[in-house]
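User: I would like to go through a structure with you. Could we begin with how the helices pack?
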Amino acid sequence: MKKLRIAVFWAFLLTPVLLSGSPAFSQPEAPAKIDTGDTAWMLISSALVMLMTPGLALFYGGMVRRKNVLGTIMQSFVILCLVSVIWVLWGYSLAFGPDRGGLIGGLEWLGLKGVGQEPAPMASTIPHLIFMMFQGMFAIITPALITGAFAERMRFSALIIFSALWLTFVYSPLAHWVWGGGWIGGFLGALDFAGGTVVHINSGIAAITAAIIIGRRRGYGSEPMPPHNLPMTILGAALLWFGWFGFNAGSALTSGGLASNAFVTTNTATGAAALSWLFSEWIHRGKPTALGTVSGAVAGLVAITPAAGFVGPLSSILIGIGGGIFCYIAVSLKPQLGYDDSLDVFGIHGVGGTWGALATGLFASTAINPAGKDGLFFGNPQLLGIQAIAVAASYVFVFVTTLIILKLIDWTIGLRVSEEDEVIGLDLVIHGESGYSFGIDTGGVPLKSERLVVAPVKKPLSQRVPPKTEHAMSPGVSISPAVREGLIARRPDFIEGIEERPFIIEIEGIDEKWFANWWKEMCQMDWKKAPQAFKDIYGYVSRFKDRTISFMKGDPEDCRRKIVELLTNSGIQDFEVRVVR
């Protein structure tokens, strides 16, 4: 009995000592706690990244021709809506769900099951829902970036299907590889702070793949295709720069010092890249352009994205300078290479993202971010090789998978609009609208397809001299193959092109009010049911007023005959149609 009491005594005395090092009985860690400051910053950052997609729509919209501005803006906007739904249903689970062999996330979070207000597994100081939403904004802008490669020629239905498939089979797996515990970020150990690989290389490679598969725009290389509204493009670039602070600094997932560093490096690299592009263009072409400067700024934003939280301000200047120069060279080489990446998605995002990913392997420093690694210039050349492997793997995966998706869509519903629709413009053909409505007095009732008004001629019509009956050619004027073939069929004497000078056609012997209503009905008619004569002249009309129709260019006599045909088929008699200058 005495021995038992002694054993119990020593057991009681030594138990705390023995169990103090036992994992099974050690003190549990304090539960993760939501930080309101971090949460507030991530809410703001998510909103900033969301703003980037409308900013991109304006940036792209200003660079296309006037007849495609609404169609281009609409592409970004519909992707914003589409991906917002897909990301909740299955995209987030595939990208960030529990890892499945380093390749894809599981479906445990399908429809956001189990994703709520609790701390996020990847960022314990913010709710899981806001982490999901922040990442969703990245998923939105990435396919929107691709649309710049096939601007002005892709079918709207094909765009919607492509975006859904591409997000599922390209974006979500690559996001998992890099950020969701997959093999690039987990096993390989590559660094990508805010999306150099996931967003920019991803969209850039998909863009050049789409540009090659869909083909060049009609008239590319022979017709001038300048931006129709550069102030809109500059405004869009400014919104991108503003939203990018959420894109990069928000990727710290905290409102502390790391976010501050990413904020500074983002702004600094952007300014350096804009200047390096500007001076490169100035030296190369003799003029510093506004479009070049804002393109350089976007190139700098792209280049610093993977490195923003791993490098210091001085390194960001070098990254920005390199981004501006390399992207300018890539864009300048596009005509020699022969592909038509309409708005230079690959030249800016593909090349800029590649440079940024490799530059992270050069300039990364654990003094800036202890969770990262040192790069080549800080004693660790291995990181540069790791970054290069990640870039190469992303290139191959994105190119092959995007190619398969594009081919499947092309074999089923088709990727591209018809040649006739492309000549007319996507705004009218696909959406039944025009970006700029001027010129027709309809009593306040908007038309679906009003055109741009040209400055009125000061001389009255009665003082103008009718032109010669023969068509006056303008040597050197380039037109699309569709228009050229149509003119040759109607006019065997057509050789060089159509006249660039504007002209006016006047109709006498008809009621002005009836004429206005008649033209209005023609403009609002289903394009597929519209008379061919109307389709032939509509693309050249710049203004409709009273009993006159102004034309930007065209064959005056041919346009006159088409109007006679349209009026005659409408049952009108005893009228006169003549061309005036």
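User: Is the crossing of α4 and α5 left-handed or right-handed?
Analyst: Please note that this is a predicted model. In it, helices α4 and α5 cross in a right-handed manner.
User: At what angle do the axes of α4 and α5 cross?
Analyst: The angle is roughly 125 degrees, and the two axes come within 10 Å. Helix α4 covers residues 128-146 and helix α5 covers residues 156-179. The angle therefore makes α4 oblique to α5.
User: Why give both an angle and a distance?
Analyst: Two packed helices are described by the angle between their axes together with the distance between those axes.
User: Then what about α2 and α8, at what angle do they cross?
Analyst: Helix α2 (residues 36-61) and helix α8 (residues 230-249) have axes that cross at roughly 155 degrees and come within 7 Å. An angle over 145 degrees counts as roughly antiparallel, so α2 is roughly antiparallel to α8. The crossing of α2 past α8 is left-handed.
User: What kinds of residues form the contact of α2 with α8?
Analyst: The contact has 18 nonpolar residues, seven polar ones and no charged ones.
User: Changing topic: which residues make the nonpolar surface patch?
Analyst: The patch, of about 800 Å², includes L314, I317, F326 and L337. Helix α11 (residues 313-332) gives the most to it, with seven residues. I321, another residue of the patch, is placed in helix α11.
User: And how many salt bridges are there?
Analyst: A search of the whole structure finds 16. In one of them, the side chains of K334 and D344 meet at 2.8 Å, N to O.
User: Where in the chain do K334 and D344 lie?
Analyst: K334 is in helix α12 (residues 334-337), and D344 is in the loop between α12 and α13. The two residues are 10 residues apart.

Methods: Residues are numbered from 1 along each chain as its sequence is written. This is a predicted model: local features need pLDDT of at least 70, side-chain atom pairs count only at pLDDT 80 or more; totals for chains, interfaces and linings use all residues. Side-chain values use heavy atoms; hydrogens and water are left out. Axes are lines fitted to C-alpha atoms, for helices over the stretch in contact, and angles run from 0 to 180 degrees between N-to-C directions. Helices (H or I, at least four residues) and strands (E, at least two) are DSSP runs, numbered from the N terminus. Angles under 35 degrees count as roughly parallel, over 145 as roughly antiparallel, 65 to 115 as roughly perpendicular and the rest as oblique. A crossing is left-handed if the near helix is turned anticlockwise from the far one by less than a right angle, and right-handed if clockwise. Ala, Val, Leu, Ile, Met, Phe, Trp, Tyr, Cys and Pro count as nonpolar, Asp, Glu, Lys and Arg as charged, and the others, Gly among them, as polar. Patches are made of residues with over 30% relative accessible area and no salt bridge: like charges are joined within 9 Å, nonpolar side chains (Val, Leu, Ile, Met, Phe, Trp, Tyr) within 5 Å. Accessible areas come from the Shrake-Rupley method with a 1.4 Å probe; for residues, only the protein chains shown count as cover. A salt bridge is a side-chain nitrogen of Lys or Arg within 4 Å of a carboxyl oxygen of Asp or Glu.
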